[in-house]
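Trainee: I have a structure open and want to learn how to read it. Where do I begin?

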Amino acid sequence: MKQFLAETQCFLFSQQIVLNKRLLCSFSGGQDSSVVFFSLLHRKTTSQHLNIIYCHHFWQVQNFQASVSIFQLSFVLKIPYTLILPNTPIVNENRSRDWRKKALSRFSHIEYLSILITGHTQTDTLETNLN
C-alpha cells in the first residue's frame, strides 16, 4: 500500500498535471481509489477543483453502503458528488467497464472537467485520461 501511495502521488504531482485543473475522481470506496482521492484532497490547489463520481452497478449489497458513505464524505467535505446508475442491467465485467468508460467520458464532457482520475484494484494501476 505504501508503494502504491508513493507511486500515485509521484505520478499525480511530478509534472503538476492536476494543478489548477477541474478534476473528476471516480471513487469506488476501495483502497486504491481512496488513496487517489485523499492524495488529491490533500493538495489544497486541487481540492477546490475536485468532483467525485460513483458508478453503481447494482451487483452487490455493499455497493449501496459505499455509495452512501461516499455521499456523506462529499457532503462533509463540500465536494460535488455524482451517482451514475445504469438504465439497463449490466451482466458482466466487460460490459461494466464499457458502461463506466462511456458514463465517465460523457459526464466529463458535460461538466467541462479537464482530467478523469480513477483508482482500481491492486492488480490494476492508476489511470488518468486526459480529455
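Mentor: Start with a definition. A salt bridge is a side-chain nitrogen of Lys or Arg within 4 Å of a carboxyl oxygen of Asp or Glu. Keep in mind that this is a predicted model.

Trainee: How many salt bridges does a search of the whole structure find?

Mentor: The search finds one. Here is the general idea. Side chains of opposite charge can pair when their charged atoms come close. In this model, the partners are Arg 100 and Glu 93, at 3.4 Å from N to O.

Trainee: Is Arg 100 buried or exposed?

Mentor: Arg 100 counts as buried, because its relative accessibility is 17% and the cut-off for buried is under 20%. Glu 93 is partly exposed, with a relative accessible area of 37%.

Trainee: Now helices. How do I read α4, and what span is expected for its 17 residues?

Mentor: At 1.5 Å a residue, 24 Å is expected. Helix α4 covers residues 61–77 and reaches 25 Å from first C-alpha to last, close to that value.

Trainee: Which residues of α4 are buried?

Mentor: Asn 63, Ala 66, Ser 67, Ile 70 and Ser 74. They sit on the same side of α4, because they cover an arc of only 100° around the axis. The general idea: an α-helix has 3.6 residues a turn, so residues three or four places apart point the same way.

Trainee: What covers those buried residues?

Mentor: The cover includes β2 (50–55) and β3 (81–84). On the other side of α4, Val 61, Gln 62, Phe 75 and Val 76 are exposed.

Notes: Residues are numbered from 1 along each chain as its sequence is written. This is a predicted model: local features need pLDDT of at least 70, side-chain atom pairs count only at pLDDT 80 or more; totals for chains, interfaces and linings use all residues. Side-chain values use heavy atoms; hydrogens and water are left out. Buried means under 20% relative accessible area, exposed over 50%, partly exposed in between (1.4 Å probe, protein chains only). Helices (H or I, at least four residues) and strands (E, at least two) are DSSP runs, numbered from the N terminus. The expected span of a helix is 1.5 Å times one less than its number of residues. The arc is that of the directions from the helix axis to the C-beta atoms. Contact means heavy atoms within 4.5 Å.
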